[in-house]
Structure formats: structure tokens, C-alpha cells
Amino acid sequence: MTATIEPEIGKSRRRKEDARLITGRTRWTDNLTLPGMVHLAILRSTAAHARIAAIDTSAARTMPGVLDVFTGADIAASQGSLPCAWPITPDMKAPPAPSLAVDTVNFAGEAVAVVVARSAYEADDALQAIDVDYADLPVVLDMAAAVAEGAELTHPDLGTNVSAVWTFDSAAAGTGQDVDAAIADAEVVVRRTFRQQRLIPAFMEPRSVVVDPTGAQITMWSATQIPHILRLMLAMTLGVPEHKVRVIAPDVGGGFGGKLQVTPEEVIAFLAAQRMGRPVKYTESRTESLQAAHHGRDQIQQLTIAARRDGTVTGLKVELLADMGAYLRLVTPGVPILGAFMFNSIYKFPAYRFVCTNVFTNKTPTDAYRGAGRPEATFAIERIMDELAAELDIEPMALRERNWIKHEEFPFTTVCGLTYDSGNYEAATARAKELFDYDGLRAEQLRRRESGDPVQLGLGISTFTEMCGLAPSRVLGSLSYGAGGWESASIRMLPTGKVEVVTGSSAHGQGHETAWSQIVADRLGIPFEDIEVIHGDTQSSPKGMDTYGSRSLTVGAMAVVAAADKVIGKAKMVAAHLLECAEDDLEFGNGRFTVKGTDTATTIQDTALAVFAAHNLPDGMEPTLDSEATYDPENFSFPHGTHLCAAEVDTETGRVSLRSYVCVDDIGAVVNPLIVDGQVHGGLAQGIAQALYEEAIHDESGTLTTASLADYTLPGAADLPHFTTDRTETRSTTNALGVKGVGEAGTIASTPAVVNAVVDAVRHLGVTDVEMPCTPMRVWQAIQAGNQSGAAK
Amino acid sequence: MRITVNVDGTTYTDEVEARLLLVHYLRDRLGKVGTVVGCDTSNCGACTVHLNGHSVKSCSVLAVQADGGEVGTVEGLARDGTLHPVQAAFHDNHALQCGFCTPGMIMQAIDLLADNPDPDERAVRHGMEGNLCRCTGYQNIVAAVRDAARRMSPGAGPAAERLDEQSVTHPVGGE
């Protein structure tokens, strides 16, 4: 009777989510139409920094279909200040952050007036009739200038453009030696400055929000990654009782950190719905999305690396300027801090110091973008390892091997004090080199150099790790983050043996419904098809910390596993009672409780029905198997991998084309290989896009000139190569499934692999750096300069 | 202005403003919300539909330009619970994650296969260039389009529009 069921974990299940997405039966927020619903449109500042001298809305009020027009002054008392949950230092400076500007605007694209009208077209028409008189103020755009003595100020009331300075020093922390001594004593010191250009997450679904104020609760549908955090923050920002707010994230079309936010538009829609007493909808245009949804990256990174002539690194000093933009959004100040612990990457550096200066400018606020701090760190360390290798004339992979943590040295406590539980960098690298034909490509590179081929070949390496599974609550507390990092789940056993899994994770493309079904199917021994995964609604999924930081599987799914184990525990009590045996006499497998050594058994489904009937339960037992669990990780997880990129650079035009890309990722145990490969592919595309294509550019007045998808150039299918992906598997020792997380790996690893390949292709021409994105113009100029462009030795 | 348009096999007659975009007519007037808007410069292709048998970006077509025409959307592809082979190939090849670009991708892929029933990887990448995806890195989309080409018998490109003749049966749902 106990036929072995093939495990679901590890199977490339096709996704449950797809059925509605491929047929157009979707539930995007913008699809919603509620009875009596009206539409709002937002007038946005054309000035990057100005005092609002006057706003004349009188003409707009008389336009057809217009129901309400309001400005920041009208809601100044009720709108509160948008939340920042991460005060990284006790003295961090933060300006008030109104959703709708009241007397000054601080970046181009900031909301200044709102029209509510019968239709979206009429609302847009009325925007054109609003007249704003801006009195221009000095515009602060350049971070380095912003921190100089006598600089013009983004927020004059703060008296400085510096929001905070945050330091980690291994000598002070007792986790390592003194970096200044290491630099002073070094046989070789290499200094570089790298620029992380400003990027835009550019999720495909523009943000949209619908608010219905007509029920006992005010219900908000929003294209958000964080329905639970959003509800809490709406309550705290607006003073609305938390239990009077329900937030629903229906189908959400990508986020990449860009929807990890409490947005001005959500607050404005909430207040507009309260003013109107009827449902309102706001959906941004792509231009608004590019201007006003938060941006990412934008750092200047100065690195100093100290080493011995044999390549042993003896210390690393990192000094950052990080652009906050005009305001501190939800986790803006903490993004660089997430990178602070990753500059040492997979290496055994004995001394380390990190100093980050967070700077205000009159630009769109920055915040999390896929990887959030860790791509920046990985880029910088992997770039400077190549530069150190060149300086020492050591093969770049050999330099890495000399410094990385050997597989037998795990668990390993790094110079930052993090304990990496597991990993095998040798294995991933060996596999990647084999798939890549590393030695063959090196030989070809040499041939091309010797023949003076106009198209040169470069090999780029990125051996990376990341900290995933955000996050142990105690660690977050020690970093002054405003909340914990746990996740919640509950499992409801229905009388017919079907199961509802409620998760506090909030999927927006990751495939939770499929992966969680696989995990629960294995745990409870029930069919994959008999499981429904419920998420993204504070009513049906009341507790959660949502989805970001590659945390869903490593934290969210662990809560699911814990809840499933509680279900099994209760069911076992019932099964023992029904089978008239002791619990210890039962074994559970494949969904069956069997009396050891006999054929006597009952299924978990039959147990669920017996519990529902409740006719014959153990004394004192509640008639339910439903269980809830909250999981707080004890440690991060540390996925790693080796990414290798071969780039051809046309030295006559500067054009870069990626010839091959191989990545071998070690993400621990794999629940669904199909989903994992998809996550890696998409991550690679975004990392490569940073290396080659994307940049948010402002003109001298502070206007974003890349405010359309014609100008902010997301890569298309023809801009990307075929990726060769493979995996090694070193299980995480810190969670029950041995998983590590995969959502950000591709993005974190790929950017330096590509830029290292570009530089490697033309290093013999005197190029030591190419600033990102490595456009043909920049590459050509770097070759012409025969020297560095953007890197200061 | 008064227009008459056949959308996914049903004929509608409506009074519309001259400036109304086809995509807004589909979404806001007909409730055909399977077709979505991703940008305002016709770069992303999320709004791609078929107008008189050819793919168009419905954010750059006026509803009045569709007067007297036939519009096909992603919602009209599956018939009687059977997916179009391109839909089935997207599912089987995991060619979507968030799925927002997917309606446009599928409609463009059908148009591409009508022109070129057996495209190689390069032809697919270039043929899909006007449709942006932020999740997949395109690799599985390319695989899906080529897989769909294999599923649709040789010379069956134009037949992509005639679903009743398709022999491929694929239930809507999980594996």
C-alpha cells in the first residue's frame, strides 16, 4: 500500500500561475473597475528644486468631468510624512517627506497637484489647465560637489547635504585587523574609483492603486511587493487605525525592489478616496513611473586594496558616496549598508573598513533595486581583484583562488563578522571553467592580440557570494532597521483533504504558488494539485513581511514547512486515537500514518475529515488541524557562484558583443529547477543591462532625460546572448530544506563579469577601466585615451 | 464617432471619442483587460494585438482606425479549454514570470510565426525585438517561440489564426 511517491521537490513543475497569465484572465490592479469609481491624475513638478510660489487650479476645476482638485496645502494636515524604516545612525538627517509637495519641490517629477475626474482622460485634460508658479532654487545634482564645503543645499533646513555617515571597521568591531596598518605595510596597494550609475527598476507593470473607502474597512489594491508592510505604514503615516485598512496585492507585474515602497501615489489615492467617499483609481504612465518611482544604485565607490606580491590580500578599505535623491524612502539609507558586509565577498581578508556617506541631491529618491547594496559591493570587489591581478601580473582566477575561503574551511566567520555556513567555490569554478572552455578562450585571446585583430576578445570573471534570506530579526535590530525579518504561514486542512497554504510572502512573478505547492505536497504527502496557495491580501493572509531580498524561499517557505509539521503533529494525535495505538507506534510517510510493522494505516486526508466531524477526538483536542507558524532565521544564507563572460570588443567602433556567458550557481537545494533557471536568466539580463545599456540621466536642470523606454534602454531579446547555466549544490545548513535563495544572484554576479570582460579585451591597449554602461562611445573613448576612463589610480 | 469592430469573434458598435486609443477601447469599454499598457511610447509591446491579421501596438492605434476591422487579443486564442500552441509553449518552457508582457509576447510570436514558420534563434530574437520583458532575460521566450514553431505543422503559420484546425491539445492548468 505504501507506494513510493516521487518527491515534488526537485521537479521542474510547470507553474500553476501561468494558466491565467497566458490567457489574459489576469487581475492587475489597473484591471479593476468598481461601481462609482473615479480616476485621479497627478501633476508633477517640472522643476528639480523650487519654491511653489502659487498654484492656480481654478480653470481645472471647471473642466468637464472634474470632481475635485487638490494640492499639498489642502492635505498638509492629513498626509503625514512618508516613512523611512531604516534610521541607520542615531543622528541621521531626514527631511519631511510629504506625498504631495506643500511649499517646495525637491525633484523633477514630484507630485504637486491632483485632479479627480470621471474618466482618466478627463483627469489628464484638467492637469493641463493647472498653472504652477515655481520660484527656482539652486539645484544639487552632483554627489561629490554636494559634500564639498559651501555647497548649495538640497534641504537648507538640514544645514548639510549629508544624511548620515555609517562606518564598519574590523579592528573596532574586533572581527579583524586595522586596515590603515595593512595599507601602510602592504607590498602593493591598488586604488580605484568606480561609479555605480543610477538605474531604474523599470518593472513592466506600471504602478497602479485603487482605493475603495465604502466598506467598514478601507480597501487598497496596489501593485506592490509589500501589502503587509504597506498596511502598517499607511496606518502609522496617516493615523488611520490599522484594523480599518485592508491591502490587497493582486497580480503584480514585477517589482525588482521598485515596488518595495510606500509610495506618494498610494497615500494620495487613499486621501482622495476619503475626500470623495467613493472608489478612486490611479495608474501611472511609463514616463511618470520612470520619473517618480524610486531609482536604484547611484554610488561612487573608492576602494583601496592592500596585498603582498604573492597576491595575498591583506586589507580592503571602501569609501562610498551614496545618492539618496531628494528624500529618504522606506529603506533608502540602508541600501548601501546591505552592501557593507559583502565587499569582502568570498575572500579571507584580514582587515576591512567601510565608510558610507549618504548624500541628498535634487533627484528622484533611490531605494532598493534587485540586489540592493550587494551588486554594488560585488561589482567593486570583483573589478578591483582584476586590477590587482593586472598590477601583480597574476592570472585573475589564480588571484581569487589564492584568497578565497576553501571548502574545508566552512563554517567561516568573515572580517565583517558574518558566518558563512557552507560553500564550495572550487567546485563551482571548476564546473564553470569547463563549460566555458576557459583555457581555449585564453588561447584565442592571445592569438587575437598577437595578430592585432580589430575585434579583441576579453574574459570576465565574477566569483561572488551574497547574503540572502533577509533576515534574522536580531541582526536587523542591531542595524537599526525598523522591523523584524521573520515570515508567517498557516496551513488549513479542509474536510475533503485539500489544503490551503497561506503565506506572508507576496509573490509578483516568482512562482510561489507552484514552489510552495511542491514543498507542502512533499511534507504532507498529498497531491500537488490538491494545494492552493493564498497570498497578497491582508485579510486572507493576515501576517507577513512580504517579498524582497531573496527571502521568500529561505524564510517564507520555512514558515510553511513549520506550519506543515504542526499539522502533521496534530494529525498524528488523531490518527493514534483512531487507530487505538500510541503516537510513538506510528510512522508518517507519503501522507499515511502507519502502525509500525503492520498494514494498519490511515491517511492525513481521512484524519482531516475525522477532525471536521469531531465525533471521536482525543480528550481536550480542538477540532482542527489548521496550524500557523512564524519563522525567524538564525542566519543569512550565502548563495555563491562563478560567472564567466566572453566579450568581443570592436576596437574600431567600441561596440561590445557578448559571445558567451556561463554561470554556475550554488544556491543549495533546488525546489524547482525550471523556476530557478528563469530567475537566473532574468537576473543576468538586469546585471548585463547595468554593464552595457542602462542609465538614468539628468540634464543640468535636474530633468530626467531618460523618461521614456525609448531613452531608458531596457535590453530587448536581440541585445542579450544565450546563457549557459548550471549548478553545484552545497546545501545551506541553516534551514530545513537546505536552500539559499536565487532571486538576486544573476544580477549581483553578472555586472562585474561583463565589465571585467570588456576591460580584459582592451587592457593591452592601456585601458584599465570603462565606466558603466559600457556604450560604444565610452569603450571607444577609453581605447583612444589608452588609459583609464572613470577610474582614478 | 461611431465604430463597429469585431473583437475576438464578437462584433461591437460604440460611440467613441476620436482620440480614444484602441487599447483603452479594449480595456475600458469592452472589458478586454487581458491586453495591457506598459508604456506610452510604443516601445514595450505589452499592448500588442492583431488588427486584421497583423500585430499592432494597440497603444499607438486609435479605436477609430479599427472601425470595420477585426481585432484579435490574447483572450481569444484559447478555444474550448484548449490553449493555442504558442500559449502552451510559453507555459511549458516557463517563458513568463510576472506575466505582464506575456499577452503582447504571445500575440507578437504568433505574428512572427505566420511570417516565418521555422525561425532560428537569431530570427526569434530580432522578430521579438519590439516586445520588452524584464523578468525572463528572453531565453525561455526564445525557446517557447521555437517550440511553438515545432508544434505548428509545416506551413501552418497563417493557420495560427484558425484554431479549430489545430490538433495540439493542451489543458489549461498545471503540468
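Visitor: Is the crossing of H17(A) and H18(A) left-handed or right-handed?
Guide: A word on what you are looking at: this is a predicted model, in which local features need pLDDT of at least 70, side-chain atom pairs count only at pLDDT 80 or more, and totals for chains, interfaces and linings use all residues. Residues are numbered from 1 along each chain as its sequence is written, while chains are lettered from A and ligands numbered from 1 in the order in which they are written. A crossing is left-handed if the near helix is turned anticlockwise from the far one by less than a right angle, and right-handed if clockwise. By that rule, the crossing of H17(A) and H18(A) is right-handed.

Visitor: At what angle do the axes of H17(A) and H18(A) cross?
Guide: Helices (H or I, at least four residues) and strands (E, at least two) are DSSP runs, numbered from the N terminus. Axes are lines fitted to C-alpha atoms, for helices over the stretch in contact, with angles from 0 to 180 degrees between N-to-C directions. The axes of H17(A), residues 512–524, and H18(A), residues 552–579, come within 10 Å and cross at roughly 35°.

Visitor: How do the residues of the contact of H17(A) with H18(A) divide?
Guide: Residues are in contact if their C-beta atoms, placed from the backbone, lie within 7 Å. Among those that meet are A:Trp516 and A:Ile519 in H17(A), and A:Val560 and A:Ala564 in H18(A). Ala, Val, Leu, Ile, Met, Phe, Trp, Tyr, Cys and Pro count as nonpolar, Asp, Glu, Lys and Arg as charged, and the others, Gly among them, as polar. The contact divides into 12 nonpolar, 2 polar and 1 charged.

Visitor: Which residue in S26(A) stands opposite A:Gln456?
Guide: S18(A) pairs with S26(A), residues 640–650, in the antiparallel sense over 11 bridges. Opposite A:Gln456 stands A:Val649.

Visitor: How many residues of chain A are in contact with chain B?
Guide: Chain B brings 49 residues to this meeting, and chain A brings 46. On the side of chain B, helices H2 (85–92), H3 (102–115), H4 (121–127) and H5 (139–151) each give two or more residues. So that you leave with the number asked for, chain A's count is 46.

Visitor: How many residues of H5(B) are buried?
Guide: Buried means that 20 or more other C-beta atoms, placed from the backbone, lie within 10 Å of a residue's own. The cover includes H20 (673–692) and S28 of chain A together with H2, H3 and H4 of chain B. H5(B) is mostly covered, and of its 13 residues the buried ones number 10.

Methods. Two residues are in contact if their C-beta atoms, placed from the backbone, lie within 7 Å. Two strands pair if DSSP finds at least two bridges between them. A residue is buried if 20 or more other C-beta atoms lie within 10 Å of its own, exposed if 12 or fewer, and partly exposed in between; C-beta atoms are placed from the backbone.
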